[in-house]
Amino acid sequence: RPPTPPSLREQAVRVYITGEVLCDAGKVAQGIASFKAASSLAWELDGEVWPAWARELHALLLSGDPVETAAPMLVGDDVRALHPQLAALRGACPTLATREWWRSPDAVAAVATSLRRRHFAVVDGFAGASAAVRLRGACKAASLHLRPAADRSRTDARSDQVCWDPDGFGELSARTDAIVRLLRAADCPALAAVVGRQKPMLSR
């Protein structure tokens with residue numbers, strides 16, 4: 001059965017929460033009717049184990065935080081439209097525009113807020129122009145050393161090819177580690193359980 005379309009998910013969870021409120025108020029029949037209405041919008045809500053999107057939406061709506069969604073992007077779209085606040089912060093730091101503007105407390109707070117509300121963040125200009133050029137060269141070099149990611153004889157094997165820990169990725173890894181440390185220091189819930197990471201890889 002196909003997953004419920006994203007356009008219906010928030011409404012369905014809101015109706016389900018209404019049912020919980022009604023049941024808590026002793027209006028059980030009305031509450032059950034709301035549960036049925038919610039499951040008619042999103043069939044997953046009728047199960048004992050909810051998918052991640054339903055659990056996350058439920059917690060977010062109960063917390064009172066706004067639900068933010070982003071429409072799918074096209075290749076030619078300007079990524080600055082996804083995070084206007086981050087784009088403004090990047091432009092407001094001319095001395096750091098090509099280096100580490102994302103270290104500012106306001107930028108860290110904006111990334112943390114996006115991770116909490118939307119579960120992703122696009123930090124445009126994160127590597128800086130010079131580092132991006134070097135990384136592009138490193139990717140080209142690593143593409144000559146790709147190997148199958150898994151044993152292809154297995155029916156569930158990955159189909160991509162990878163190059164683990166290629167040369168030239170150290171600068172990006174250091175920046176990534178730095179922003180993760182800053183986000184953890186800012187009590188970003190999305191990273192509370194992160195204790196390590198894989199080595200960098202190029203995949204195709």
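A: Loop residues and a helix pair

The model is predicted: local features need pLDDT of at least 70, side-chain atom pairs count only at pLDDT 80 or more, and totals for chains, interfaces and linings use all residues. Residues are numbered from 1 along each chain as its sequence is written, and side-chain values use heavy atoms, with hydrogens and water left out.

Asp-165 sits in the loop between β2 (161–164) and α7 (170–185); helices (H or I, at least four residues) and strands (E, at least two) are DSSP runs numbered from the N terminus. Its phi is positive, about 50 degrees, although Asp-165 is not a glycine. Asp-187 also has a positive phi, near 60 degrees, and is a residue other than glycine. Asp-187 lies in the loop between α7 and β3 (201–203) and is exposed, at 66% relative accessible area.

Now the helix pair. Helix α4 (residues 84–91) packs against helix α5 (residues 105–118) at about 165 degrees, with the axes 10 Å apart. Axes are lines fitted to C-alpha atoms, for helices over the stretch in contact, and angles run from 0 to 180 degrees between N-to-C directions. The contact (heavy atoms within 4.5 Å) is made by Gln-85, Leu-86 and Leu-89 of α4 with Asp-106, Ala-107, Ala-110 and Val-111 of α5.

Methods:
Buried < 20%, exposed > 50% of the residue type's maximum accessible area, 1.4 Å probe, protein only.
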